[in-house]
Amino acid sequence: MRLAFYGRVSTQRQEKEETIENQLLVVKEKFEKEGHVFVKDYIDENWSGMVLERPDLDQLRLDAASDLWEGIAMYDTDRLSRKYMHLCILQEEFEKAGKQLLFVTIKTPENDEDRLMFGIKGLFSEYERYKISERFRLGKLRKARSGQLIISHAPFGYRLFKKTDKEHTRIEIEPYEAEVIKMIFTWLGEEGCSIREVIRRLTDKGIQPRKSMRKVWATSTINNFIHNETYMGTAYFGKSKAIEPKNPLKIEKYKRIKKTSRVLRPKEDWILIKVPTIITEELYNKVRARMEVNSKFAPKNKKHEYLLTSLVACPCGYNRVGEQGRYYRCSQRIYTFPVKQSCTEGGVDSSMLDSMVWQEISQLLLQKDLILDYYNRWTDSLNAKHNTYESQVKPLERGLDSLERESARYVKAFGAGLLDFQQFQELKVELDNKRLLLQAQISVKKSSADEAKRTHLTEGMVDTYCQFASAALNGLSFQQKQEILRTVVEKVTATQKEAIIYGYIPVKKLNTKEDILNVEQRPIHRNHWIA
Ligand SMILES: [Zn+2]
């Protein structure tokens, strides 16, 4: 039989000895002896078995449709996946394509009983994976509990001594940096300095932060010092844990690591480790208290109202911030402090810009042609989305089917005495949760498709809207105006001579007075115009 080889190694240290070379050697030796021929190798290096989207595995699945090879050989089922669900999906897929799966560790599933064993094996390899990561986590926890440090670098003020044969990792006071920390806390706590004043003094004294490309202190660095309880002699382990990001910055097809975001754990789960003290608890608390007072009464927090808060930009790229209730001023100097600013743009009169932008926008909101055009473009785009309905809902429904089959397999395993009642119950609960999730996803996809089917807006409807809108626009409060501007305007780039408004037009639900005040959704289209 012509065979494809599939190999995978992850970065997990537990699997170091299972190199690709070893897998290749063992697999090829066994199956070539049996008279098979290898025609193509597929290798995913540094990929976790918990991730299904791997480049070479994808290629393998694509090639399964061709007659390049008749079977796939690998070391163990866990090379394909460490997730039971994934393993089932892959097994079924290859079986359907008429490709045989060969393993060194277990025999190829030929009948229902074998397939059941294959599934059970998958189940245990998933369990094993959790056990490994759990063991790893527990090991770290145990270290921390016994007072050992698990850090890769020491905070400013300390030096790290890495673990040796005789000693654990520890941190000790770095005398020069510790003096700097003491100085900073004293300035803040005893002399009532602001953070900017602290930075000015440090710069005057020629004291530099530890590693900084700009060789300049940032306010955030000083802020981190103020919030770092290590200086009082207490370090914490396990403050946060890794999760999958909710709003990823970029969508990547192939992702080695899924959990790239971090969230704080509840404080009672943190583990306290004693370290040498640099400042007293009294001084630390004094600084914290003072900083809170400062931020409450800082002049910049005095209430001035700007209609375009956080929407105005300077041509240099930095935001403009409202100042003294009179100007939108370029903020470059704040971010590059204490380096002198290079932007020479002056402040822009805030009340003038506010009223100009409001005039422009409120008129746009009453232009019939524009609204009609945008609305219809919007419904068209929704309809275009609807065309992908088939491709979006169908796979989910197939997923539901495969859950049913999985459920049947469990029942069989339970019947055959391969699972005890508790294991069976646990698996069933897990399955039910997956099913609920899929059903919810399906109903969401379906309802958005229904929404797209709604009829086009007529001219009469736009007329009605405009009547409502012009009456409503006149009686708006400051907050309501601000809300509308935030919905419609993306950015205003302003100089003393001209302003460019970049924005969106709200086109969803235009018929009532309430709706123009509560535009919920940012439409897809953008436009810009010059005031
Ligand atoms: Zn600027």
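## Reading charged pairs and a helix face

Analyst: Start with one pair in this predicted model. Arginine 329 makes a salt bridge with glutamate 323, and their closest N and O atoms are 3.0 Å apart.

User: What is the general idea behind such a pair?

Analyst: Side chains of opposite charge can pair when their charged atoms come close. Here, arginine 329 is partly exposed, at 34% relative accessible area. Glutamate 323 is partly exposed too, at 21%.

User: How many salt bridges does the structure hold?

Analyst: There are 19. One of them joins the side chains of lysine 40 and aspartate 63, at 3.1 Å from N to O.

User: Which parts does that pair tie together?

Analyst: Find each residue's element. Lysine 40 sits in strand S2 (residues 37-45) and aspartate 63 in helix H2 (residues 55-63), so the pair links parts 23 residues apart in sequence. Lysine 40 is partly exposed, with a relative accessible area of 30%. Aspartate 63 is buried, at 11%.

User: Are arginine 79 and aspartate 78 buried or exposed?

Analyst: Arginine 79 is buried, and aspartate 78 is buried as well. Their side chains meet in a salt bridge of 3.1 Å, N to O.

User: Which residues are linked in a network of salt bridges?

Analyst: Glu191, Glu197, Arg200 and Arg201 are.

User: Let us turn to a helix. Which residues of helix H7 are buried?

Analyst: H7 covers residues 195-204, and Ile195, Val198, Ile199 and Leu202 are buried in this helix. Look down the axis of H7. The buried residues fall within an arc of 100°, so they line one face of the helix.

User: What follows H7?

Analyst: Glycine 206 does, with a positive phi near 75°.

User: Now a charged residue without a partner. What is the nearest side chain of opposite charge to arginine 320?

Analyst: That is glutamate 345, 4.2 Å away. A salt bridge needs a nitrogen and a carboxyl oxygen within 4 Å, so check the distance against that cut-off. Arginine 320 is buried yet has no salt bridge. Its place is in strand S12 (residues 320-323).

User: Which backbone oxygens does the side chain of arginine 320 reach instead?

Analyst: Take two. The backbone oxygen of tyrosine 328 lies 2.9 Å from a polar atom of the arginine 320 side chain. The backbone oxygen of glycine 346 is reached by the arginine 320 side chain at 3.0 Å.

Key: Residues are numbered from 1 along each chain as its sequence is written. This is a predicted model: local features need pLDDT of at least 70, side-chain atom pairs count only at pLDDT 80 or more; totals for chains, interfaces and linings use all residues. Side-chain values use heavy atoms; hydrogens and water are left out. Helices (H or I, at least four residues) and strands (E, at least two) are DSSP runs, numbered from the N terminus. Buried means under 20% relative accessible area, exposed over 50%, partly exposed in between (1.4 Å probe, protein chains only). The arc is that of the directions from the helix axis to the C-beta atoms. Lys and Arg count as positive and Asp and Glu as negative; His and the chain ends are not counted. A polar contact is a pair of N or O atoms within 3.5 Å; within protein, one must be able to donate a hydrogen and the other to accept it, and residues adjacent in sequence count only if both atoms are side-chain atoms.
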